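I opened this model to look up its strands, its sheets and a few loop residues. My notes follow in the order I made them.

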Amino acid sequence: GALPRLAVGGLLFIVTPVFNEQRILERLSEWGIDASASSLVLVSAPMDVASLGGVGGYGAIPQAQLERSGIVSGSVHGLIMVRTCSGSNDLAVEPSLWIALMGCGRAPGS
């Protein structure tokens with residue numbers, strides 16, 4: 001993984017959809033992000049599985065398949081920031097994350 005390769009005080013940005021966002025901090029711990037690192041996860045407004053089907057390529061995946069995979073919710077836009085210094089691990093929801101990060105008042109494709 002990337003975390004052992006980060007210098008002290010290094011910063012890692014991961015841009016990704018975040019599924020089951022309420023468990024993301026637990027998953028980061030499972031991935032090795034422990035007390036020696038801190039993280040901040042920003043996600044767009046979470047949607048239930050049925051709503052995900054109307055967004056982008058997720059409509060091509062049957063709802064039942066998402067549910068069988070254990071997905072109960074998802075945030076289409078997510079930013080995970082990890083820093084190699086001790087601190088806290090937090091999750092924050094920004095309903096219009098893409099607009100908040102990129103500005104211009106528009107979401108992708110609009």
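**Entry 1**

I began with β1 and strand β6 (residues 78-83), which pair in the antiparallel sense over five bridges. For the terms, helices (H or I, at least four residues) and strands (E, at least two) are DSSP runs, numbered from the N terminus. Two strands pair if DSSP finds at least two bridges between them.

This is a predicted model, so I note that local features need pLDDT of at least 70, side-chain atom pairs count only at pLDDT 80 or more, and totals for chains, interfaces and linings use all residues. Residues are numbered from 1 along each chain as its sequence is written, and side-chain values use heavy atoms, with hydrogens and water left out.

Which residue of β6 is the bridge partner of isoleucine 14? I found isoleucine 80 there.

Four strands form an open sheet, and their order is β1-β6-β3-β7. The pairing is mixed. β1 (11-15) and β7 (89-93) are the edge strands, each pairing on one side only. From one strand to the next, the twist averages 10 degrees. Axes here are lines fitted to C-alpha atoms, for helices over the stretch in contact, and angles run from 0 to 180 degrees between N-to-C directions.

**Entry 2: strand β3**

I turned to β3 and its two partners. β3 and β6 run antiparallel and are joined by six bridges. Serine 38 stands opposite arginine 83 of β6. With β7, β3 pairs in the parallel sense over five bridges. Here leucine 42 has alanine 92 of β7 as its bridge partner.

Why do I call β3 largely enclosed by the rest of the structure? Because five of the six residues of strand β3 (residues 38-43) are buried. Buried means under 20% relative accessible area, exposed over 50%, and partly exposed in between (1.4 Å probe, protein chains only).

**Entry 3: the three-stranded sheet**

I then checked the other strands. Three of them form an open sheet in the order β2-β5-β4, with antiparallel pairing. The edge strands are β2 (18-19) and β4 (47-48), and each pairs on one side only. β4 and strand β5 (residues 73-75) run antiparallel and are joined by two bridges. Methionine 47 has its bridge partner in β5 at glycine 74.

**Entry 4: asparagine 20**

I looked at the loop between β2 and α1 (24-30), where asparagine 20 lies. Its phi is positive, about 50 degrees, although asparagine 20 is not a glycine. Most residues other than glycine have a negative phi. Is asparagine 20 buried or exposed? I noted it as buried, with a relative accessible area of 15%.

**Entry 5: two residues of one loop**

Isoleucine 33 lies in the loop between α1 and β3. Alanine 35 has its place in the loop between α1 and β3 as well. I compared their cover. Isoleucine 33 counts as buried because its relative accessibility is 10%. Alanine 35 counts as exposed because its relative accessibility is 65%.

Then I listed contacts, where contact means heavy atoms within 4.5 Å. What does isoleucine 33 touch, leaving aside its neighbours within four places in sequence? I found Leu3, Leu28, Val82 and Asn89. With the neighbours within four places left aside, alanine 35 is in contact with Ser86 and Gly87.

I also took two C-alpha distances. Isoleucine 33 and serine 75 are 42 residues apart in sequence and 21 Å apart in space. Alanine 35 and glycine 59 are 24 residues apart along the chain, and 38 Å separates their C-alpha atoms.

**Entry 6: the whole chain**

I finished with totals. The protein chain has four helices and seven strands. Along the sequence, the pattern reads β-β-α-β-β-α-α-β-β-β-α. The C-alpha atoms fill a box of roughly 40 × 35 × 20 Å along the principal axes.

How many of the 110 residues are buried, as a percentage? I noted 29%. Of the contacts with a separation of 6 or more, 77% come from residues 24 or more positions apart.
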